[in-house]
Amino acid sequence: MFSRAAVRSLTASRAFSTSSRRETKVAVLGAGGGIGQPLSLLLKSDPLVSSLSLYDIRGAPGVAADVSHVDTASEVKGYAADQLDAALEGAKVVVIPAGVPRKPGMTRDDLFNTNASIVRDLAAAVGRAAPDACILIISNPVNSTVPIVAETLKKAGVYDPRKVFGVTTLDVVRAAKFVGEITDKNPTDTVITVVGGHSGPTIVPILSQTANAKGVSGEVYSKVVHRIQYGGDEVVKAKDGAGSATLSMAYAGAKFANSVLRGLNGEKGVVTPTFVKSPLFEDKGVEYFSSNVELGPNGVEKIHPIGQLTAEEEKLLEACIPELKKNIEKGKAFVSQA
Ligand SMILES: NC(=O)C1=CN([C@@H]2O[C@H](COP(=O)(O)OP(=O)(O)OC[C@H]3O[C@@H](n4cnc5c(N)ncnc54)[C@H](O)[C@@H]3O)[C@@H](O)[C@H]2O)C=CC1
Ligand SMILES: O=C([O-])CC(=O)C(=O)O
(Lines give C-alpha, C1' and ligand atoms only; values in the text may rest on other atoms or scores of the structure.)
(Ligands and ions follow the chains in the order given, each with its own letter.)
Protein backbone atom coordinates (compact mmCIF):
# COMPACT_ATOMS: atom_id res chain seq x y z
CA MET A 1 0.00 0.00 0.00
CA PHE A 2 2.75 2.47 0.93
CA SER A 3 6.06 2.77 -0.88
CA ARG A 4 9.16 2.98 1.29
CA ALA A 5 9.30 6.71 0.60
CA ALA A 6 5.63 7.08 1.49
CA VAL A 7 6.11 5.19 4.76
CA ARG A 8 9.12 7.39 5.51
CA SER A 9 7.13 10.54 4.91
CA LEU A 10 4.11 9.18 6.85
CA THR A 11 6.27 8.27 9.81
CA ALA A 12 8.11 11.55 9.68
CA SER A 13 5.12 13.81 9.50
CA ARG A 14 1.90 12.40 10.89
CA ALA A 15 0.87 9.66 13.26
CA PHE A 16 4.18 7.86 13.56
CA SER A 17 7.68 8.91 14.23
CA THR A 18 10.61 6.56 14.40
CA SER A 19 13.64 6.59 16.63
CA SER A 20 16.45 4.09 17.12
CA ARG A 21 14.58 0.83 16.97
CA ARG A 22 14.10 -1.81 19.68
CA GLU A 23 12.12 -5.04 19.56
CA THR A 24 8.77 -4.27 21.13
CA LYS A 25 5.72 -6.45 21.57
CA VAL A 26 2.45 -4.56 21.76
CA ALA A 27 -0.82 -6.19 22.87
CA VAL A 28 -4.30 -4.87 22.07
CA LEU A 29 -7.07 -6.04 24.43
CA GLY A 30 -10.40 -5.56 22.69
CA ALA A 31 -8.84 -5.93 19.23
CA GLY A 32 -12.06 -7.18 17.62
CA GLY A 33 -14.02 -3.99 18.30
CA GLY A 34 -14.77 -0.77 16.48
CA ILE A 35 -11.57 0.85 17.78
CA GLY A 36 -9.57 -2.35 18.17
CA GLN A 37 -9.65 -3.31 14.48
CA PRO A 38 -8.39 -0.06 12.90
CA LEU A 39 -6.02 0.47 15.84
CA SER A 40 -4.50 -2.96 15.17
CA LEU A 41 -4.10 -2.04 11.51
CA LEU A 42 -2.35 1.24 12.36
CA LEU A 43 -0.07 -0.48 14.89
CA LYS A 44 0.84 -3.01 12.19
CA SER A 45 2.09 -0.04 10.16
CA ASP A 46 4.18 1.35 13.02
CA PRO A 47 7.83 0.44 12.47
CA LEU A 48 8.47 0.55 16.23
CA VAL A 49 6.17 -2.46 16.78
CA SER A 50 7.98 -5.76 16.22
CA SER A 51 5.23 -8.07 17.41
CA LEU A 52 1.49 -7.45 17.67
CA SER A 53 -0.69 -9.54 19.94
CA LEU A 54 -4.44 -9.23 19.37
CA TYR A 55 -6.89 -10.35 22.05
CA ASP A 56 -10.67 -10.11 22.39
CA ILE A 57 -13.41 -12.26 23.83
CA ARG A 58 -14.55 -12.64 20.24
CA GLY A 59 -13.05 -12.27 16.81
CA ALA A 60 -9.37 -11.53 17.48
CA PRO A 61 -7.90 -14.49 15.52
CA GLY A 62 -9.81 -13.32 12.43
CA VAL A 63 -8.62 -9.72 12.80
CA ALA A 64 -5.06 -11.01 13.30
CA ALA A 65 -5.18 -13.21 10.18
CA ASP A 66 -6.39 -10.22 8.17
CA VAL A 67 -3.94 -7.64 9.54
CA SER A 68 -1.02 -10.11 9.34
CA HIS A 69 -1.05 -9.88 5.52
CA VAL A 70 0.02 -6.22 5.62
CA ASP A 71 3.57 -6.03 4.26
CA THR A 72 5.40 -4.61 7.24
CA ALA A 73 8.02 -6.52 9.25
CA SER A 74 6.06 -7.12 12.47
CA GLU A 75 4.56 -10.48 13.44
CA VAL A 76 0.84 -10.64 14.31
CA LYS A 77 -0.90 -13.25 16.41
CA GLY A 78 -4.53 -13.51 17.48
CA TYR A 79 -5.74 -14.97 20.75
CA ALA A 80 -9.13 -16.41 21.70
CA ALA A 81 -11.12 -15.65 24.86
CA ASP A 82 -9.30 -18.23 27.02
CA GLN A 83 -5.79 -17.13 25.95
CA LEU A 84 -5.46 -13.78 27.70
CA ASP A 85 -2.27 -14.52 29.64
CA ALA A 86 -0.57 -15.97 26.56
CA ALA A 87 -1.53 -12.85 24.60
CA LEU A 88 0.15 -10.65 27.21
CA GLU A 89 3.33 -12.61 27.75
CA GLY A 90 6.37 -10.41 26.98
CA ALA A 91 4.29 -7.34 26.04
CA LYS A 92 6.00 -4.00 26.72
CA VAL A 93 2.93 -1.96 25.77
CA VAL A 94 -0.70 -3.01 26.35
CA VAL A 95 -3.47 -0.94 24.77
CA ILE A 96 -6.99 -1.45 26.16
CA PRO A 97 -9.99 -0.46 24.03
CA ALA A 98 -12.20 -3.24 25.49
CA GLY A 99 -15.68 -2.39 26.71
CA VAL A 100 -19.00 -0.99 25.59
CA PRO A 101 -19.37 2.39 23.84
CA ARG A 102 -22.07 5.05 24.40
CA LYS A 103 -25.42 5.38 22.72
CA PRO A 104 -27.20 8.74 22.29
CA GLY A 105 -28.38 10.18 25.61
CA MET A 106 -25.68 8.43 27.67
CA THR A 107 -22.73 9.99 29.47
CA ARG A 108 -19.37 8.23 29.64
CA ASP A 109 -20.07 7.62 33.33
CA ASP A 110 -23.14 5.58 32.32
CA LEU A 111 -20.65 3.01 30.95
CA PHE A 112 -19.08 2.52 34.38
CA ASN A 113 -21.25 -0.41 35.48
CA THR A 114 -20.27 -2.51 32.46
CA ASN A 115 -16.73 -1.37 31.76
CA ALA A 116 -15.33 -1.15 35.31
CA SER A 117 -15.21 -4.92 35.79
CA ILE A 118 -13.96 -5.55 32.23
CA VAL A 119 -11.04 -3.16 32.78
CA ARG A 120 -10.35 -4.44 36.31
CA ASP A 121 -10.10 -8.05 35.10
CA LEU A 122 -7.85 -7.12 32.18
CA ALA A 123 -5.61 -5.08 34.49
CA ALA A 124 -5.31 -8.06 36.85
CA ALA A 125 -4.17 -10.17 33.88
CA VAL A 126 -1.57 -7.57 32.88
CA GLY A 127 -0.33 -7.58 36.49
CA ARG A 128 0.08 -11.36 36.27
CA ALA A 129 1.45 -11.85 32.77
CA ALA A 130 3.15 -8.56 31.81
CA PRO A 131 3.80 -6.70 35.07
CA ASP A 132 6.34 -4.27 33.60
CA ALA A 133 4.23 -3.23 30.60
CA CYS A 134 3.03 0.31 29.95
CA ILE A 135 -0.79 0.21 29.99
CA LEU A 136 -2.66 2.61 27.69
CA ILE A 137 -6.33 2.81 28.71
CA ILE A 138 -8.88 3.84 26.11
CA SER A 139 -12.01 2.24 27.68
CA ASN A 140 -14.43 4.76 29.13
CA PRO A 141 -15.01 6.38 31.50
CA VAL A 142 -11.25 7.07 31.37
CA ASN A 143 -11.43 9.32 34.47
CA SER A 144 -12.48 6.22 36.43
CA THR A 145 -10.91 3.32 34.50
CA VAL A 146 -7.38 4.67 35.05
CA PRO A 147 -7.74 4.62 38.87
CA ILE A 148 -9.34 1.16 38.53
CA VAL A 149 -6.25 -0.15 36.73
CA ALA A 150 -3.91 1.53 39.24
CA GLU A 151 -5.76 0.14 42.27
CA THR A 152 -5.90 -3.34 40.74
CA LEU A 153 -2.15 -3.32 40.12
CA LYS A 154 -1.56 -2.01 43.66
CA LYS A 155 -3.50 -4.98 45.02
CA ALA A 156 -1.28 -7.29 42.97
CA GLY A 157 1.83 -5.49 44.28
CA VAL A 158 3.05 -4.48 40.80
CA TYR A 159 1.86 -0.86 40.43
CA ASP A 160 4.30 1.53 38.78
CA PRO A 161 2.62 4.95 38.41
CA ARG A 162 4.96 5.78 35.53
CA LYS A 163 3.37 3.06 33.41
CA VAL A 164 -0.39 3.64 33.63
CA PHE A 165 -1.82 6.10 31.06
CA GLY A 166 -5.31 7.29 30.23
CA VAL A 167 -5.44 8.02 26.50
CA THR A 168 -6.72 11.58 26.06
CA THR A 169 -5.07 12.08 22.66
CA LEU A 170 -8.40 12.29 20.83
CA ASP A 171 -9.11 15.54 22.70
CA VAL A 172 -5.77 16.90 21.50
CA VAL A 173 -6.45 15.73 17.93
CA ARG A 174 -9.92 17.34 17.97
CA ALA A 175 -8.59 20.59 19.44
CA ALA A 176 -6.00 20.91 16.65
CA LYS A 177 -8.57 20.12 13.96
CA PHE A 178 -11.41 22.32 15.25
CA VAL A 179 -9.20 25.33 16.04
CA GLY A 180 -7.34 24.84 12.74
CA GLU A 181 -10.70 25.06 10.96
CA ILE A 182 -11.79 28.32 12.55
CA THR A 183 -8.38 30.00 12.24
CA ASP A 184 -7.80 28.68 8.72
CA LYS A 185 -4.52 27.09 9.80
CA ASN A 186 -3.16 23.62 9.20
CA PRO A 187 -4.05 21.51 12.30
CA THR A 188 -0.45 20.21 12.27
CA ASP A 189 0.67 23.75 13.14
CA THR A 190 -2.06 24.19 15.75
CA VAL A 191 -1.02 21.76 18.50
CA ILE A 192 -3.08 22.57 21.58
CA THR A 193 -2.45 21.27 25.07
CA VAL A 194 -5.60 19.79 26.60
CA VAL A 195 -5.51 19.14 30.34
CA GLY A 196 -7.80 17.65 33.01
CA GLY A 197 -9.67 14.45 32.20
CA HIS A 198 -11.70 12.90 29.39
CA SER A 199 -15.37 13.86 29.73
CA GLY A 200 -17.31 17.08 29.09
CA PRO A 201 -16.33 19.70 31.69
CA THR A 202 -13.18 17.83 32.72
CA ILE A 203 -11.71 18.44 29.24
CA VAL A 204 -9.80 21.75 29.48
CA PRO A 205 -8.20 23.03 26.26
CA ILE A 206 -5.52 25.69 26.69
CA LEU A 207 -5.71 27.80 23.55
CA SER A 208 -3.74 30.70 25.03
CA GLN A 209 -0.46 28.77 24.90
CA THR A 210 -0.63 28.12 21.14
CA ALA A 211 0.41 30.95 18.85
CA ASN A 212 -2.15 30.07 16.16
CA ALA A 213 -5.00 29.85 18.70
CA LYS A 214 -4.49 32.60 21.25
CA GLY A 215 -6.34 35.21 19.21
CA VAL A 216 -9.59 33.21 19.35
CA SER A 217 -12.03 35.06 21.61
CA GLY A 218 -15.66 35.84 22.45
CA GLU A 219 -18.41 33.63 21.10
CA VAL A 220 -16.04 31.85 18.69
CA TYR A 221 -13.85 30.89 21.67
CA SER A 222 -16.81 29.61 23.75
CA LYS A 223 -18.13 27.60 20.81
CA VAL A 224 -14.84 25.93 19.96
CA VAL A 225 -14.14 25.08 23.61
CA HIS A 226 -17.60 23.51 23.85
CA ARG A 227 -16.97 21.59 20.62
CA ILE A 228 -13.67 20.19 21.96
CA GLN A 229 -15.33 19.23 25.27
CA TYR A 230 -18.32 17.58 23.59
CA GLY A 231 -16.75 16.34 20.32
CA GLY A 232 -17.48 12.77 21.39
CA ASP A 233 -21.22 13.54 21.56
CA GLU A 234 -21.14 14.79 17.96
CA VAL A 235 -19.99 11.36 16.79
CA VAL A 236 -22.34 9.44 19.10
CA LYS A 237 -25.27 11.44 17.70
CA ALA A 238 -24.22 10.99 14.07
CA LYS A 239 -23.74 7.22 14.52
CA ASP A 240 -27.28 7.14 15.91
CA GLY A 241 -27.03 4.13 18.22
CA ALA A 242 -24.21 2.35 16.39
CA GLY A 243 -21.51 3.46 18.84
CA SER A 244 -19.03 6.28 19.31
CA ALA A 245 -15.79 7.47 17.74
CA THR A 246 -13.77 4.51 16.47
CA LEU A 247 -11.65 5.62 13.48
CA SER A 248 -10.46 8.96 14.88
CA MET A 249 -9.87 7.15 18.20
CA ALA A 250 -7.82 4.46 16.49
CA TYR A 251 -5.74 7.22 14.88
CA ALA A 252 -5.30 8.95 18.24
CA GLY A 253 -4.53 5.67 20.03
CA ALA A 254 -1.88 4.70 17.47
CA LYS A 255 -0.38 8.17 17.69
CA PHE A 256 -0.15 7.99 21.48
CA ALA A 257 1.22 4.41 21.39
CA ASN A 258 3.93 5.64 19.00
CA SER A 259 4.86 8.39 21.49
CA VAL A 260 5.13 5.83 24.31
CA LEU A 261 7.25 3.54 22.11
CA ARG A 262 9.57 6.41 21.19
CA GLY A 263 9.99 7.21 24.87
CA LEU A 264 10.72 3.55 25.68
CA ASN A 265 13.33 3.60 22.92
CA GLY A 266 15.14 6.43 24.64
CA GLU A 267 14.11 9.25 22.32
CA LYS A 268 14.34 12.58 24.16
CA GLY A 269 11.76 15.33 24.16
CA VAL A 270 8.62 13.23 23.50
CA VAL A 271 5.96 15.33 25.23
CA THR A 272 2.19 14.92 24.98
CA PRO A 273 -0.85 15.23 27.25
CA THR A 274 -1.97 12.03 29.00
CA PHE A 275 -4.01 11.21 32.11
CA VAL A 276 -1.59 9.89 34.75
CA LYS A 277 -0.92 9.85 38.48
CA SER A 278 0.01 13.47 38.96
CA PRO A 279 1.08 15.81 41.75
CA LEU A 280 -0.42 18.89 40.03
CA PHE A 281 -3.75 18.99 41.89
CA GLU A 282 -3.07 16.54 44.71
CA ASP A 283 -3.64 19.37 47.18
CA LYS A 284 -7.23 19.51 45.89
CA GLY A 285 -7.66 15.74 46.30
CA VAL A 286 -7.22 14.99 42.58
CA GLU A 287 -4.78 12.09 42.23
CA TYR A 288 -4.83 11.70 38.44
CA PHE A 289 -4.66 14.52 35.94
CA SER A 290 -3.86 14.95 32.28
CA SER A 291 -1.19 17.49 31.39
CA ASN A 292 1.86 17.53 29.17
CA VAL A 293 4.01 14.56 30.12
CA GLU A 294 7.50 13.76 28.92
CA LEU A 295 7.79 10.08 28.03
CA GLY A 296 10.95 8.06 28.58
CA PRO A 297 12.48 4.57 28.90
CA ASN A 298 10.32 3.84 31.98
CA GLY A 299 7.11 5.53 30.88
CA VAL A 300 6.41 8.87 32.56
CA GLU A 301 9.70 10.76 32.78
CA LYS A 302 8.46 14.20 33.83
CA ILE A 303 5.09 15.86 34.43
CA HIS A 304 5.08 19.41 33.13
CA PRO A 305 3.32 22.18 35.04
CA ILE A 306 0.24 23.68 33.42
CA GLY A 307 1.77 27.10 32.95
CA GLN A 308 0.08 30.46 32.65
CA LEU A 309 -3.71 30.41 32.10
CA THR A 310 -6.17 33.11 31.10
CA ALA A 311 -9.11 33.96 33.38
CA GLU A 312 -11.39 31.92 31.06
CA GLU A 313 -9.12 28.89 31.28
CA GLU A 314 -8.93 29.23 35.08
CA LYS A 315 -12.73 29.04 35.10
CA LEU A 316 -12.71 25.89 32.97
CA LEU A 317 -10.21 24.36 35.36
CA GLU A 318 -12.38 25.25 38.36
CA ALA A 319 -15.30 23.39 36.77
CA CYS A 320 -13.07 20.41 35.94
CA ILE A 321 -11.60 19.71 39.37
CA PRO A 322 -14.69 18.64 41.43
CA GLU A 323 -16.10 16.47 38.63
CA LEU A 324 -12.74 14.79 38.05
CA LYS A 325 -12.30 14.16 41.78
CA LYS A 326 -15.71 12.45 41.91
CA ASN A 327 -14.92 10.25 38.87
CA ILE A 328 -11.54 9.21 40.33
CA GLU A 329 -13.02 8.40 43.74
CA LYS A 330 -15.71 6.26 42.08
CA GLY A 331 -13.03 4.22 40.28
CA LYS A 332 -10.95 3.75 43.44
CA ALA A 333 -13.99 2.75 45.50
CA PHE A 334 -14.97 0.12 42.92
CA VAL A 335 -11.71 -1.75 43.50
CA SER A 336 -11.43 -1.22 47.25
CA GLN A 337 -15.03 -2.38 47.87
CA ALA A 338 -14.64 -5.54 45.77
N1 LIG B 1 -10.43 7.37 25.37
C2 LIG B 1 -11.13 7.84 24.36
O3 LIG B 1 -10.89 8.96 23.89
C4 LIG B 1 -12.21 7.03 23.73
C5 LIG B 1 -12.69 5.91 24.35
N6 LIG B 1 -13.66 5.14 23.78
C7 LIG B 1 -14.12 3.96 24.51
O8 LIG B 1 -13.50 2.78 23.98
C9 LIG B 1 -14.29 1.63 24.31
C10 LIG B 1 -14.45 0.73 23.10
O11 LIG B 1 -15.20 1.36 22.10
P12 LIG B 1 -15.56 0.59 20.71
O13 LIG B 1 -14.35 -0.06 20.17
O14 LIG B 1 -16.30 1.53 19.89
O15 LIG B 1 -16.54 -0.57 21.24
P16 LIG B 1 -16.91 -1.94 20.54
O17 LIG B 1 -18.11 -2.49 21.24
O18 LIG B 1 -16.96 -1.78 19.06
O19 LIG B 1 -15.66 -2.86 20.86
C20 LIG B 1 -15.33 -3.26 22.16
C21 LIG B 1 -14.64 -4.59 22.08
O22 LIG B 1 -14.31 -4.98 23.42
C23 LIG B 1 -14.46 -6.38 23.49
N24 LIG B 1 -14.54 -6.82 24.87
C25 LIG B 1 -15.57 -6.75 25.74
N26 LIG B 1 -15.21 -7.30 26.91
C27 LIG B 1 -13.93 -7.72 26.77
C28 LIG B 1 -13.03 -8.37 27.62
N29 LIG B 1 -13.34 -8.72 28.87
N30 LIG B 1 -11.80 -8.65 27.14
C31 LIG B 1 -11.44 -8.31 25.87
N32 LIG B 1 -12.27 -7.71 25.01
C33 LIG B 1 -13.49 -7.42 25.46
C34 LIG B 1 -15.73 -6.67 22.69
O35 LIG B 1 -15.81 -8.03 22.32
C36 LIG B 1 -15.54 -5.72 21.50
O37 LIG B 1 -14.88 -6.36 20.44
C38 LIG B 1 -15.60 2.20 24.85
O39 LIG B 1 -15.60 2.12 26.25
C40 LIG B 1 -15.59 3.65 24.40
O41 LIG B 1 -16.36 4.47 25.22
C42 LIG B 1 -14.17 5.46 22.55
C43 LIG B 1 -13.71 6.56 21.87
C44 LIG B 1 -12.74 7.45 22.42
O1 LIG C 1 -17.81 10.03 23.28
C2 LIG C 1 -17.56 8.85 23.60
O3 LIG C 1 -18.28 8.14 24.31
C4 LIG C 1 -16.28 8.26 23.11
C5 LIG C 1 -15.18 9.16 23.48
O6 LIG C 1 -14.66 9.11 24.57
C7 LIG C 1 -14.86 10.25 22.55
O8 LIG C 1 -15.22 10.20 21.37
O9 LIG C 1 -14.20 11.20 23.00
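Student: What percentage of the 338 residues in the protein chain is buried?

Tutor: A residue is called buried if 20 or more other C-beta atoms, placed from the backbone, lie within 10 Å of its own, and in the protein chain 51% of the 338 residues are buried. This is a predicted model, in which local features need pLDDT of at least 70 and side-chain atom pairs count only at pLDDT 80 or more, while totals for chains, interfaces and linings use all residues. Residues are numbered from 1 along each chain as its sequence is written, and chains are lettered from A and ligands numbered from 1 in the order in which they are written.

Student: How many helices and strands does the protein chain have?

Tutor: Helices (H or I, at least four residues) and strands (E, at least two) are DSSP runs numbered from the N terminus, and the protein chain has 11 helices and 11 strands.

Student: Which residues surround ligand 2, and which domains do they come from?

Tutor: Here a residue counts if its C-beta atom lies within 6 Å of the ligand, and the residues around ligand 2 are P101, R102, R108, N140, L170, G232, V235, V236, S244 and A245. Domain 1 and domain 2 each give at least three residues to this shell, and helix α9 (residues 231–239) provides its largest share, three residues.

Student: Which residue does UniProt list for "active site", and why does H198 count as buried or exposed?

Tutor: UniProt annotations may be inferred rather than shown by experiment, and an unreviewed UniProt entry lists H198 for "active site". H198 lies in the loop between β7 (193–196) and β8 (203–206), and H198 counts as buried because 27 C-beta neighbours lie inside 10 Å.

Student: Which residues are in contact with H198, leaving aside its neighbours within four places in sequence?

Tutor: With those neighbours set aside, H198 is in contact with V142, N143, G166, T168, D171, I203 and F275.

Technical notes. Domain bounds come from an automatic or database domain assignment. A residue is buried if 20 or more other C-beta atoms lie within 10 Å of its own, exposed if 12 or fewer, and partly exposed in between; C-beta atoms are placed from the backbone. Two residues are in contact if their C-beta atoms, placed from the backbone, lie within 7 Å.
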